[in-house]
Amino acid sequence: SMVAFAVVFVASALYLLRRDPKWDRLAGACAEVGVLFSGLALLTGMLWARPIWNVWWTWDPRLTTTLVMWFVYAAYLVLRASDMGPQRKRLVCAVLGVAAFLDVPLVFVSARYWRSIHPAVLGAQGGGLEPEMLTTLAAGVVAFGLLAATLVRLRTAQAAAEAEIAALALERIR
């Protein structure tokens with residue numbers, strides 16, 4: 001999700017610089033995938049935490065910053081679905097896409113420095129990951145990366161087709 005949100009940031013900045021709708025479509029697709037993945041991480045984390053720690057949720061800084069990040073990008077998606085003119089909506093979404101990225105490094109830093117209930121899995125001083133699990137972690141990261149890239153590609157193509165259909169419909173009305 002953090003990589004997807006980083007692409008939202010870059011694509012939004014490129015939209016602000018070039019005003020090309022393809023960057024807006026890419027930002028929207030990445031935001032959808034990022035919200036999906038971060039939402040699944042929060043949900044499955046809660047399901048895992050209940051039997052392990054006997055709590056559904058704890059206001060750990062890492063969990064809280066991740067939840068805030070999810071809410072910010074969910075609001076971004078609500079804004080994308082709003083009923084304002086297409087150019088204005090793309091502009092406002094691009095500005096929010098750039099500003100929303102401020103929380104992403106905070107989530108990353110909170111995972112590194114504010115340790116409370118979660119151990120460090122990967123770190124400069126070894127971390128808590130067993131060496132034999134590194135292959136499993138790498139395979140999972142690659143698999144979810146490919147899934148995310150596929151979803152973004154499909155959603156971007158769908159958004160481009162929707163824009164083309166809307167342009168043809170507008171042309172036909174004239």
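What follows is a close look at one helix pair, and then at the aromatic pairs.

Modeller: Please keep in mind throughout that this is a predicted model. The helices to look at are H2, which covers residues 21-53, and H6, which covers residues 134-173; their axes come within 8 Å and cross at roughly 140 degrees. On the H2 side, the contact is made by Arg 25, Leu 26, Ala 29, Cys 30, Glu 32, Val 33, Leu 36 and Phe 37, while H6 contributes Phe 144, Leu 147, Ala 148, Leu 151, Val 152, Arg 155, Thr 156, Ala 159, Ala 160 and Ala 163.

Turning to the rings, the count comes to seven aromatic pairs. One of them joins Trp 48 and Trp 53 in an edge-to-face arrangement, with 5.0 Å from centre to centre and 85 degrees between the planes; the label edge-to-face applies because planes over 60 degrees apart count as such. Trp 48 is partly exposed, its relative accessible area being 46%, and Trp 53, at 31% relative accessibility, likewise counts as partly exposed. Elsewhere, ring pairs link Phe 5, Tyr 73 and Tyr 76 into a cluster.

Definitions and conventions
Residues are numbered from 1 along each chain as its sequence is written. This is a predicted model: local features need pLDDT of at least 70, side-chain atom pairs count only at pLDDT 80 or more; totals for chains, interfaces and linings use all residues. Side-chain values use heavy atoms; hydrogens and water are left out. Axes are lines fitted to C-alpha atoms, for helices over the stretch in contact, and angles run from 0 to 180 degrees between N-to-C directions. Helices (H or I, at least four residues) and strands (E, at least two) are DSSP runs, numbered from the N terminus. Contact means heavy atoms within 4.5 Å. Rings of Phe, Tyr and Trp (its six-membered ring) pair if their centres lie within 6.5 Å; planes under 30 degrees apart count as stacked, over 60 as edge-to-face and the rest as tilted. Buried means under 20% relative accessible area, exposed over 50%, partly exposed in between (1.4 Å probe, protein chains only).
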